[in-house]
Amino acid sequence: ADMESDLGIDSIKKAQLFGELGEYFDVQASSDLSLDEFPTLRTVRDYLLANAGGASEPVAETTQGATTAGSLEEFITEYLMQQTGYPRSVIDLDGDFEIDLGIDGLKIAEMLTQLSRQFNLPSLATAAVTTPRMIVEHVSRAEAKGQMAVAPR
């Protein structure tokens, strides 16, 4: 998905995202790079994988048959933090989206649709997903059955 047109990430947010990713993955951007060279999250991911210099591993990275519950949990936690603005301490993977996390039905549907695309899966919204942990379990089962992409899109 295009970060600007599909995901609504403007150039300021994009610059902020790159700064945070650069710190997290210990990547020093060269002065000749332009944010326009990275229209999608996949292009960002590919750049990070090619240039990461630190010991940190990408949160959303998966390799064939190697997605761990821990990496999925971390990815979902980070995703929810970005989508809701909540601090990590508020995100409970076993908490109900509406009751415990206070996320309305429309926002839940939007997030589940984005995550379905991210993991190249049939709609998570039709799977009656009510907690973040259910997303982790759904993605893990789909990978075990060979139903998802090798890496999130």
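Does Thr131 count as buried or exposed, and at what relative accessibility? At 12% relative accessibility, Thr131 counts as buried, where buried means under 20% relative accessible area, exposed over 50% and partly exposed in between, with a 1.4 Å probe and protein chains only. This is a predicted model, in which local features need pLDDT of at least 70 and side-chain atom pairs count only at pLDDT 80 or more, while totals for chains, interfaces and linings use all residues. Residues are numbered from 1 along each chain as its sequence is written, and side-chain values use heavy atoms, with hydrogens and water left out.

**Overall architecture**

- The chain contains 5 helices and 0 strands; helices (H or I, at least four residues) and strands (E, at least two) are DSSP runs, numbered from the N terminus.
- Along the sequence, the pattern reads α-α-α-α-α.
- Buried residues make up 31% of the 153 residues of the chain.
- The chain exposes about 8,800 Å², of which carbon and sulfur atoms supply 51%; accessible areas come from the Shrake-Rupley method with a 1.4 Å probe, and for residues only the protein chains shown count as cover.
- Of the contacts between residues at least 6 apart in sequence, 57% join residues at least 24 apart, a contact being heavy atoms within 4.5 Å.

**Nonpolar cores**

- The largest nonpolar core has 22 residues; such a core is a set of buried Ala, Val, Leu, Ile, Met, Phe, Trp, Tyr and Cys residues joined through side-chain atoms within 4.5 Å.
- Helices H3 (69-84), H4 (105-118) and H5 (132-144) each supply at least two residues of this core, and H3 gives the most, with 5 residues.
- Apart from this core lies another, of 6 residues, among them Ile9, Phe38, Val44 and Leu48.
- The residues with the most contacts inside the largest core are Ile76, Leu80, Phe97, Leu115, Phe119 and Ile135.
- Beyond its neighbours within four places in sequence, Phe97 has contacts that include Leu80, Ile108, Met111, Val129 and Ile135.
- In soluble globular proteins, nonpolar side chains tend to be buried together.

**Helix H4**

- The 14 residues of H4 should span 20 Å at 1.5 Å a residue, and its end C-alpha atoms are 20 Å apart, which agrees; the expected span is 1.5 Å times one less than the number of residues.
- Asp104 caps the N-terminal end of H4, with a side-chain oxygen 3.1 Å from the backbone nitrogen of Leu106.
- The buried residues in H4 are Ile108, Met111, Leu112, Gln114, Leu115, Ser116 and Gln118.
- Leu112 has 4% relative accessibility, and its C-alpha lies 8.3 Å from that of Val129, 17 residues away in sequence.
- The side chains of Gln114 and Tyr79 are joined by a polar contact of 2.4 Å; a polar contact is a pair of N or O atoms within 3.5 Å, where within protein one must be able to donate a hydrogen and the other to accept it, and residues adjacent in sequence count only if both atoms are side-chain atoms.
- Not counting residues up to four places away in sequence, Gln114 touches Tyr79 and Gln83.
- Just after H4, Asn120 takes a positive phi of about 55°.

**Helix H5**

- H5 has 13 residues and reaches 19 Å from its first C-alpha to its last, close to the expected 18 Å.
- Pro132, Ile135, Val136, His138, Val139, Ala142 and Glu143 are the buried residues of H5.
- These residues cover an arc of only 165° around the axis, which puts them on the same side of H5; the arc is that of the directions from the helix axis to the C-beta atoms.

- Thr131 is found in the loop between H4 and H5; leaving aside neighbours within four places in sequence, Thr131 is in contact with Leu93, Asp94, Gly95, Asp96 and Phe97.
- Leu101 lies in the loop between H3 and H4 and counts as buried at 3% relative accessibility.
- Beyond four places in sequence, the contacts of Leu101 include Tyr86, Val90, Ile91 and Pro132.
- Met3, in the segment before helix H1 (11-25), counts as buried at 0% relative accessibility.
- The C-alpha atoms of Met3 and Leu41 are separated by 6.8 Å, although these residues are 38 residues apart along the chain.
- Leaving aside neighbours within four places in sequence, Met3 has contacts including Ile9, Phe38, Leu41 and Val44.
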